[in-house]
Amino acid sequence: MQIKHIALSIIFLFFSSLTIAQTGDLRGQLYDSKTGEPIIYGTVVLEGTEMGTTTDLDGFFTLTGIPLGEYKVIASYIGFEDMEQTVSITRTKVAFVKMLMEEGGVKLGVVDISARREQARTEVKVSQLNVSKKDIKLLPSTGGDADIVQYLQVLPGIISTGDQGGQLYIRGGSPIQNKILLDGLTIYNPFHSIGFYSVFETELIQNADVLTGGFGAEHGGRISAIVDIKTRTGNKKRLSGQVTASPFMVKGLIEGPLVKLADDRGSASFVLTSKRAIIDETSPSLYPRAAVNDSIGLPFNFADTYGKLSFESKGGSKFNVFGFNFTDGYNNPEIANIEWENWGGGLDFRLLPSTSTLMLKGLMGVSSYETQIIEADETPRFSKIREYVFGLDFTFFGDNKEFNYGIEAKGVRTEFEFVNPFGNRIDQIQNTTNMNGFAKYRQIIGGLILEPSLRLQYYASNGELSLEPRFGLKYNITDDLRLKVAGGLYSQNLISTSNERDVVNLFNGFLSSPEENIADNINGGFTSSKLQRSRHLIGGLEYDLASGIQLNVEGYFKDFPSLVIVNRNRLSVDEPNYSNEIGEAYGVDFSMKYENAKWYVWSTYSLGFVNRNDGFQDYPTVFDRRHNVNFLTSYTVDDEGDFKLSVRWNMGSGFPFTQTQGFYNFLPFLEGIETDPLTENPDNIGIIYSETRNGGRLPYYHRLDLSATYIHHFTDFSNVEVVASVTNAYDRSNIFYFDRLRYDRVDQLPFIPSMAIKFNF
């Protein structure tokens with residue numbers, strides 16, 4: 001009798017759910033009909049209802065819990081004609097619409113708010129900035145060609161150490177603690193030796209998410225920040241391209257459809273781009289003041305190539321195959337010869353089952369980076385890292401909620417060889433496997449948005465399991481004022497060979513966390529964990545002051561309870577190769593943006609403190625820039641948007657450095673105690689540093705850049721774009737490098753005018 005009652009109850013609940021859940025789901029994709037590019041942040045509503053949403057970075061949207069029946073779907077986006085399509089919602093199949101939108105008048109359509117503001121109200125996005133190709137092109141184009149590395153430097157909390165071999169430091173994290181991704185694959189050195197350019201082609205960037213801290217569990221393996229760059233697909237409608245020439249480089253891009261995009265079928269496309277530096281050849285005659293000397297010029301050389309094939313089904317599923325090769329060289333006989341190469345490729349996909357709101361994404365690929373440096377002493381310095389990755393990502397959509405989880409496996413091989421000036425060798429050949437899984441949940445409850453997540457990370461070579469809870473929260477106090485909080489635990493097992501005593505790091509190798517013991521400088525003995533770890537806590541507010549004006553304020557604290565350091569300057573084989581430090585970074589970032597049809601104004605101020613403790617003393621890091629100010633403005637002169645003026649000014653307080661007290665002749669005592677100091681010739685000059693580490697400060701840095709862009713149209717699809725630019729307009733002498741032994745100061749780039757010509761077809 002008991003079993004009978006249970007069975008009847010189950011049957012009753014089943015049929016009750018069928019009766020109650022008379023709803024279905026809708027998803028779709030918005031495209032630009034001219035190029036086939038996705039419409040990002042487009043607005044989609046169901047006519048006659050209050051149901052609506054915005055598209056994501058792929059132009060994709062999902063609506064769930066729709067009562068069964070027939071509806072008119074209306075899509076709108078600023079600068080495009082509104083479009084509508086009738087769809088039937090059933091319980092057995094997820095409806096899908098593909099909408100190709102035509103360019104039209106500048107209007108908001110059926111929605112009276114911007115999609116970006118609506119996104120700010122419905123997503124947490126603490127310490128997250130979205131950078132598009134349009135944003136990057138607002139910058140003065142240093143060297144005649146705008147690049148994302150130039151734009152990253154104007155974002156709050158990001159510090160650059162220079163325009164020659166400089167690195168980016170994000171809210172107290174060193175470069176090794178920041179993960180840079182290209183289509184999901186790690187790029188270990190994304191910035192060329194001449195700091196104007198990255199390996200990323202601006203024309204191909206669909207979106208870049210810059211996560212300066214407090215990021216969710218979908219990202220891991222780094223303890224400070226994430227820069228996640230996605231490239232777009234090739235033109236799905238016609239063959240097109242671009243050819244560019246400037247004194248700094250030449251480049252070309254070609255793209256087009258293999259199967260043209262249409263309403264009733266899938267599509268296929270390709271894109272290929274390549275660029276090469278020529279500044280080493282042009283600088284002796286064009287920029288003699290910036291050149292090392294008449295014969296060397298500016299000794300920078302790089303070449304980048306990227307290609308992609310994209311396929312998309314009628315129902316919205318898609319996959320891409322892509323590959324890249326990036327090379328860089330800096331050959332200055334007075335300092336060093338540095339070379340590196342980063343190559344790789346992979347396949348990513350998105351599957352949309354027709355009977356479920358599940359979205360499955362996947363990635364498999366490889367990324368390899370190799371670098372070496374040859375200095376005057378000709379001792380070997382070599383580093384190579386290769387990473388294989390396979391990951392799956394599942395997302396379920398619901399009414400005002402979303403559940404996302406995934407798994408990932410990585411195989412990493414590191415090869416490293418380094419002989420320091422005292423003849424002591426540090427080397428490593430290591431293979432390791434990293435396994436991880438994550439789960440993330442997002443729920444909207446009125447004006448409150450909750451986003452808890454959890455990451456489980458296993459480092460096989462170290463035998464360590466890291467449990468990393470994280471959270472994000474945003475509360476909409478009013479339509480214009482929002483509070484936000486984020487934080488979590490983070491870990492990584494990669495370390496860098498850069499030395500905190502270096503004002504400029506010429507060689508930056510990579511190693512996995514060592515299997516050998518790590519000296520614990522803080523507590524004595526050896527550390528129990530060989531991972532680098534951090535804890536983040538971030539809070540802030542967003543305030544829409546008026547139409548087109550947004551204020552953002554964020555305070556942050558990053559605690560680094562475990563940092564693994566390579567002892568590059570050990571004097572004997574008895575000293576450990578590795579030791580640990582602790583540290584912290586904290587500060588506050590202010591940013592304000594104003595935007596309308598003619599003007600774009602972006603200003604930021606960052607106050608930051610970055611400290612370390614090596615077990616002997618507290619000291620500021622070499623990238624501890626206390627004050628940093630950026631001002632960027634762009635003005636569109638004509639109504640068509642063909643003539644644009646841009647200005648950028650940056651000012652930063654001086655970096656710390658350890659002062660020099662004196663010099664001495666270093667004897668290596670190669671014959672041990674039998675060495676005769678009276679007859680032995682010293683092999684090296686040793687430096688006596690000040691006992692106060694990083695107790696000095698370099699002068700303030702500031703620079704003004706200007707550019708003007710004009711586009712002349714031949715046809716609807718062909719035009720020539722002329723970019724005239726001036727770098728360091730008032731010729732400020734900003735220090736780049738100081739050779740302690742030669743007592744020689746090298747400055748960063750002086751006043752440099754440039755012009756680039758781009759032909760688009």
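Strand S20 and strand S21 (residues 359–374) pair in the antiparallel sense over 15 bridges. Here, two strands count as paired if DSSP finds at least two bridges between them. Strands (E, at least two residues) and helices (H or I, at least four) are DSSP runs, numbered from the N terminus. Opposite Leu 360 in S21 stands Leu 351.

Strand S20 (residues 336–351) is also joined to strand S19 (residues 318–332) by 15 bridges, and these two strands run antiparallel. Tyr 330 has Ile 338 in S20 as its bridge partner. In general, the strands of a sheet pair through backbone hydrogen bonds, either parallel or antiparallel.

## The model and the chain as a whole

This is a predicted model, in which local features need pLDDT of at least 70 and side-chain atom pairs count only at pLDDT 80 or more, while totals for chains, interfaces and linings use all residues. Residues are numbered from 1 along each chain as its sequence is written, and side-chain values use heavy atoms, with hydrogens and water left out.

The protein chain contains five helices and 45 strands. It has 761 residues, of which 55% count as buried; buried means under 20% relative accessible area, exposed means over 50%, and partly exposed lies in between (1.4 Å probe, protein chains only). Among the contacts in the chain with a separation of 6 or more, 64% are accounted for by residues 24 or more positions apart. A contact means heavy atoms within 4.5 Å. The chain exposes about 32,000 Å², with carbon and sulfur atoms supplying 57% of this area; accessible areas come from the Shrake-Rupley method with a 1.4 Å probe, and for residues only the protein chains shown count as cover.

## An open sheet with mixed pairing

Five strands form an open sheet in the order S8-S13-S14-S11-S12, with mixed pairing. Its edge strands, each pairing on one side only, are strand S8 (128–131) and strand S12 (185–186).

Within this order, strand S11 (residues 178–182) and strand S14 (residues 225–231) pair in the parallel sense over five bridges. The bridge partner of Asn 178 in S14 is Ala 225.

## Helix H5 and its two sides

Helix H5 (residues 279–286) has Ile 279, Thr 282 and Ser 283 as buried residues. Seen down the helix axis, the buried residues of H5 fall within an arc of 110 degrees, so they line one face of the helix; the arc is that of the directions from the helix axis to the C-beta atoms. The buried residues of H5 pack against strand S17 (267–277) and strand S18 (300–312). On the other side of H5, Glu 281 and Ser 285 are exposed.

## Aromatic rings and charges

The whole structure holds 24 aromatic pairs. Rings of Phe, Tyr and Trp (its six-membered ring) pair if their centres lie within 6.5 Å; planes under 30 degrees apart count as stacked, over 60 as edge-to-face and the rest as tilted. Phe 311 and Phe 319 form a stacked pair, 5.0 Å centre to centre with 25 degrees between the planes. Phe 311 is partly exposed at a relative accessible area of 29%, and Phe 319 is partly exposed at 35%. Elsewhere, ring pairs link Phe 196, Tyr 197, Phe 248, Tyr 287 and Phe 302 into a cluster.

Two arginines lie over rings. The charged end of Arg 612 sits over the ring of Phe 560, 4.9 Å from its centre, and Arg 693 lies over the face of Tyr 619, at 4.1 Å from the ring centre. A charge sits over a ring if NZ of Lys or CZ of Arg is within 6 Å of the ring centre and within 35 degrees of the ring normal.
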